[in-house]
Amino acid sequence: MSTAVPQAGVFAGLNPSQFNASDPVVLFIIQCTIILVFCRLLAIPLGWLKQPKVIAEVIAGIVLGPSVMGRIPGFQETVFPTASLPFINLISTLGLIFFLFQVGLEVDMRVVKRDWKKSLAISVAGMALPFGLGIAASVGLYKLQNEPSVPFSSFLLFLGVAMSITAFPVLARILVELKLLRTKVGSLTMSSGLLNDCTAWVLLALVVALLNSSGGLDALWVFLTTIAYALFLIFLIGPLYRKLCIHTGAFENGPSPLLMTVTLMIVLVSAFVTDIIGVHAIFGGFLAGIIVPHDGDLSVKVTEKIEDIVNIIFLPLYFTLSGLKTQIGLLDSGIVWGYVILVIFLACFGKIVGCTVAARLCGMTMRESFAVGFLMNCKGLVELIVLNIGHDAGVLNDQVFVIMVVMALITTFMTTPAVLWLYPEWYQKQTSGENMDRSNQFTITKELSIMETTMQNSRSRQYRIATMLNSIDMVPNVVSILRLFVGAEQTTEKSQNESVDIYALRLLELTQRPSDVMRSHDLRETERYDPILSVMRTFGSIIGIDNVHTRLDICPLSDYVKTVADYSHQSDADIILLPISMHRNHHHHHHHDHPPSSPTEMTSAEKSNLLHYDTEFVTKAFEITKVSVSIFIDRGLNDLVNRSSLDDFQILVPFTGGVDDCAAVLLALRLQTHRPTAVTILHLGTATSVIRFATKESIYQCLDSMSASSDERLLLDTLFSGEKNSSTSVVYRTIRDVTVSSMLTSLEKPLKMQDLVVLGRNVVDRHTGPLVHSVLGQESETRDTKQSLGSIASDLLSLDVMASLVVVQAPIEGPISFSVNA
């Protein structure tokens, strides 16, 4: 007679760690928490080595299993009692079904069609040779296993499939993280890996059918029924599913609750059908993912709905459970270790040599071919799933299972370091112009041919601005400053002859989520539906900037600045313009519904928001030295640009000397030629009081013949060579004091929200590196801001000056010397 569980819980003396089959959730929560903590802790150092988190999950299982923690007396019986493992297995298998559904969502045959002949050749070579070597290895391993109850034919086929697998999900992430998708190596490896992955699942289904059948005829019926069900799902259910997507507006608005309900039901029903047929339930999940259309990034949006629960909870449970089965102690003799080395060698030799030879015959260089070989050698989590299926089916005993797990971990671990060594960034750049097939690049910029033509044209006729967009709140800031480059009436000779080209780079952060990797499979499709780039293109056409070039890229947050630098080099930009906002972290509805009339209305926490959020980014941005870099700090200009014609705004240029100040002067002059306005160049710290005026001719001459590296005295003398002229409002004035407060009081018109301060950064040590914020308060924040933006910009921010700021740093064209003006 069973005893009821005390309802008072721990207050009734109940031990929460004691397993209770009628209420297993308490112990399951303890197990799940321990597993997730171990996985996350191990993922940190492995992440530094650019390793996929599946390695951390398997190692966590090995540590928690009998190999390490299991040796502690009572640990295994208390935390992972044998009776509780079926419950973990149930949850993890359900998660595995949905993970294979995600893998099916990643199958996009458009990727293969781009270069299907080469992809097919590499895929076939990358499976045939490893499959043959796996069959050869199976002879010795079958003797080592010494279990006559397992048919040798099943063992042989299983080893062949296990040795020939490429883990497409892990491969795709590695290609994205190493920024190889736009290279010839990346595009061919992606399509070859996809073909390899699909073929491996078909072969695995055949092997499982053989294992689960009592005879050859039964196996044939199982396999044929599986093929028939797959065709039924793809050609009958697939079109009906597409019609439902159209009916619910899923391509435009994402999956509705109705569509997600139908989708999840299809996954579960499909898993049920494949399981009762005689193949594993995960095949049903994979087939369900294949029928989801990729139009409008629907597959990505469906993935976003389920990926966190699957990848954060379910998959770690599965792979940790796999690790619990892995007993490293079974590698207890020289013969066994000999087989470990043999299996690793054959797995690497078969994949690397097969794919390398095929890639070389397809016309790739030796380095590129070896890079393809090592990438295709990545086994990853798909291999571990296959090994667990074999272990659960009784094909592999514990000892052979450990040997194969070690092989899977090592081949996955070696992929990233080997590719970084074989195919470094410098080699990619060296060979990209010679070997990259333009028709098959993963290129986002539709205007690439325009960019190439642009670089050949006269420098005096085009001014190229590269900017970055990584969130929707950056768009108003970019719009407000770029609009100043287009006057209401292009009447000046300079503005008529000079075109402004905008190169907008949209950056998406690459996280651990599979949906980010899926977006990178076809960035052109992602860019087509990106709302921020659509807004930028529309804005350019409305205000008269015809040449708005857009590009979308996905990279880790730490690589944003490097990606911007590379893009500016490719586009031959004259200046990089990076926007940041004082309102960045505010709630959007507050900012749009009730914009402050002045910065003084912001709280002290809001005022310091720039310091906390952007100081490190700004410092890294100013490490770009090959092109001018400017940081636009919007303090309300975007709130006024839509309400005002900006006829009554002024530009102030504080000038103390140096290449950065010269660059700031040239930028202000360029703005003035496009939108005629008052420009005051205020020279600080001079002994005599001087007022000089510029003419149209001197402005054009200065812009055409001077650069930031020009002698500052020559620049000023060239610019201010005339008396007061009504046709221009560019004036040069001097003041004795060097303080910002004195500068502000000396102005004839006080600075307002629609005004702009353009100033040089003037930081002597440009390589201070990323700043570490201390907790000493505002004084520390101000010091950090001075190091990143310069002292004048820091003082203007601390004094709550209403005007927006553009902080400019000139490119380094040689030894830099800062002159001191008397």
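Lys-752 is partly exposed, with a relative accessible area of 26%, where buried means under 20%, exposed over 50% and partly exposed in between (1.4 Å probe, protein chains only). Its partner Asp-755 is buried at 0%, and the two side chains meet in a salt bridge at 3.9 Å, N to O, the term standing for a side-chain nitrogen of Lys or Arg within 4 Å of a carboxyl oxygen of Asp or Glu. This is a predicted model, in which local features need pLDDT of at least 70 and side-chain atom pairs count only at pLDDT 80 or more, while totals for chains, interfaces and linings use all residues. Residues are numbered from 1 along each chain as its sequence is written, and side-chain values use heavy atoms, with hydrogens and water left out.

By this rule the count comes to 13 salt bridges, including one between Arg-464 and Asp-572, whose closest N and O atoms are 3.5 Å apart. Arg-464 lies in strand 1 (residues 462-469) and Asp-572 in the loop between helix 27 (560-570) and strand 4 (575-581), so the pair ties together parts that are 108 residues apart in sequence; helices (H or I, at least four residues) and strands (E, at least two) are DSSP runs, numbered from the N terminus. Arg-464 is buried, at 1%, whereas Asp-572 is partly exposed, at 26%.
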